[in-house]
Amino acid sequence: MTTLGRGRCWARAHPLAVDAALAAVVLVCMVIGSFAEPYGEHGPTWGTRTSDAPSLLLMALGALALVARRRAPWCVLAVTCAAAITELLTGDPRAPVVLCAVIALFTVAATTDRSTTWRIGLVTIAGLTGVAMLSGPLPWYAQENLGIFAWTGMAAAAGDAVRSRRAFVDAIRERAERAERTREEEARRRVAEERLRIARDLHDVVAHHIALVNVQAGVAAHVMDKRPDQAKEALSHVRDASRSALNELRATVGLLRQTGDPEAPTEPAPGLHRLDELVETFRNAGLPVEVALGQVGLELPAAVDLAAFRVIQEALTNVQKHAGRHARAEVSVVRVGPNVEVTVIDGGPGHGESGEGEGGEGGDVEGQRNTDGGGHGLLGMRERVTALGGNCSAGPRYGGGFRVHAILPVAPVTTAKGGTA
């Protein structure tokens, strides 16, 4: 940010200090201007006259009132106009107290509407100029009297221009914010509609073909012994229905792919059977990892097996990135009743190679402990586990380090009696 920008920010944050400085500058200008003599023997001269005590008091009163010009602009305008009129009627020689009224009129014009600005401006201009022309030893057309008319008129016009510009900028900013909100809402609406459409398509595909497979499989089981030819025909229908379902699922899910995304892998999805291979890659990278694998069972559902593997993978990646150079990790996978519990802990001080803490900048642990694999991090872990009806928690350990704990139900999550999610 430039020096001018920092100055503007400071001025917005300290308006009272700015007004106090302005009042001091106006007071100095009025005092200096009171020494000028525009009608000397040899033309305008400097320092040939001095203001009396009442004029100095009125100048100080007008400048002091300007300190509150933003809080009470109308009161400040009334006080400064009264001080200016008093000086015009009693001052000899006159002091430029009217300068305070000019600043106050500008402030009022900048904070009110245009019609009010012109009404109060005309009243102020006529009042100050009329008093100046009708009082004092000078002729009514003297340059001092015309100067009062000019300065008050310019103050009203300048204040109205500033108000108009502020309103214009605010309107542009509001339109930009409203357009941004509209774009975001439209994008969310389209995403929701597309998700609903894809969900309907998937439901239709799965419901139709799986129902057909179920019926044909029941027929095959019923006639397998007595009529093998009919059983073969039913199994052929099962094969055709399953192939059709796979093709339609592939086409529907393909709509979600972005341009340039790699093709889906053909090898089996990873699971806990590849845990040793995963741990070995981290050990080769310099991260000591200890594994405690309990009797989790050999027949885990594919989704649970994959989720457990991904949780361990992302948690170990976070340990390697954020836990520090001398950190150690411990992985535990155990079967507890109907659930599989996955725990990954580390005892690192929480300072990675870049010097960031475990929570990164700002102390947000979850925001910084992200993995690069897919950009999900801890949020991806929670979404993956929650989708299976489990629970995932992650946070700092007491005494240092970090802990990721996921509970994955082995049995399918039921939504109603006799049905599964």
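This is a predicted model: local features need pLDDT of at least 70, side-chain atom pairs count only at pLDDT 80 or more; totals for chains, interfaces and linings use all residues.

Q: OK, so is phenylalanine 35 buried, partly exposed or exposed?
A: Phenylalanine 35 has a relative accessible area of 32%, so it is partly exposed.

Q: And where does phenylalanine 35 sit?
A: In the loop between helix H2 (15-33) and strand S1 (36-40). Its C-alpha atom is 8.5 Å from that of alanine 95, although the two are 60 residues apart along the chain.

Q: Let me zoom out. How many helices and strands does the chain have?
A: Twelve helices and seven strands. The chain has 421 residues, and 33% of them count as buried.

Q: What about contacts between residues at least 24 apart?
A: If you take the contacts between residues at least 6 apart in sequence, 64% of them join residues at least 24 apart.

Q: Now the helix pairs. At what angle do H1 and H2 cross?
A: Roughly 100°, with the axes of H1 (residues 3-13) and H2 coming within 5 Å. Angles of 65 to 115 degrees count as roughly perpendicular, so H1 is roughly perpendicular to H2.

Q: Which residues meet there?
A: From H1 you have Trp10, Ala11, Arg12 and Ala13, and from H2 Pro15, Ala17 and Val18. By class, that contact has six nonpolar residues, one charged and no polar ones.

Q: Next pair: how do H3 and H4 cross?
A: Helix H3 (residues 53-66) and helix H4 (residues 73-90) cross at roughly 165°, and their axes come within 9 Å. That angle makes H3 roughly antiparallel to H4.

Q: Left-handed or right-handed?
A: The crossing of H3 and H4 is left-handed. On the H3 side the contact uses Ser55, Leu58, Gly62, Ala65 and Leu66, and on the H4 side Val76, Val79, Thr80, Ala83, Thr86 and Glu87. Sorted by class, the residues of this contact are six nonpolar, four polar and one charged.

Q: What does leucine 66 contact, leaving aside its neighbours within four places in sequence?
A: Leucine 66 is in contact with Asp19, Ala23, Val26, Val76, Thr80, Cys100, Ile103 and Ala104. Take valine 26 from that set: its C-alpha is 9.0 Å from that of leucine 66, and the two are 40 residues apart in sequence.

Q: And H5 with H6, what's the angle there?
A: Those axes cross at roughly 170° and come within 10 Å. H5 and H6 are therefore roughly antiparallel to each other.

Q: Who makes that contact?
A: H5 brings Val98, Ala101, Leu105, Val108 and Ala109, while H6 brings Thr117, Ile120, Gly121, Thr124 and Leu128. The classes there are seven nonpolar, three polar and no charged.

Q: What's in the loop between H5 and H6?
A: Threonine 112 lies there, between helix H5 (98-111) and helix H6 (114-134). Threonine 112 has 15% relative accessibility, so it counts as buried. Beyond its neighbours within four places in sequence, threonine 112 is in contact with Trp74, Thr117 and Arg163.

Q: How about aspartate 160: where is it?
A: Aspartate 160 is in helix H7 (residues 143-223). At 7% relative accessibility, aspartate 160 counts as buried. Not counting residues up to four places away in sequence, aspartate 160 touches Ala109, Arg114 and Thr117.

Q: Last one, glycine 294. Where does it lie?
A: Glycine 294 is in the loop between strand S3 (289-293) and helix H10 (302-322). With 25% relative accessibility, glycine 294 counts as partly exposed.

Q: And what does glycine 294 touch?
A: Val333 and Val334, not counting residues up to four places away in sequence.

Terms used:
Residues are numbered from 1 along each chain as its sequence is written. Side-chain values use heavy atoms; hydrogens and water are left out. Axes are lines fitted to C-alpha atoms, for helices over the stretch in contact, and angles run from 0 to 180 degrees between N-to-C directions. Helices (H or I, at least four residues) and strands (E, at least two) are DSSP runs, numbered from the N terminus. Angles under 35 degrees count as roughly parallel, over 145 as roughly antiparallel, 65 to 115 as roughly perpendicular and the rest as oblique. A crossing is left-handed if the near helix is turned anticlockwise from the far one by less than a right angle, and right-handed if clockwise. Contact means heavy atoms within 4.5 Å. Ala, Val, Leu, Ile, Met, Phe, Trp, Tyr, Cys and Pro count as nonpolar, Asp, Glu, Lys and Arg as charged, and the others, Gly among them, as polar. Buried means under 20% relative accessible area, exposed over 50%, partly exposed in between (1.4 Å probe, protein chains only).
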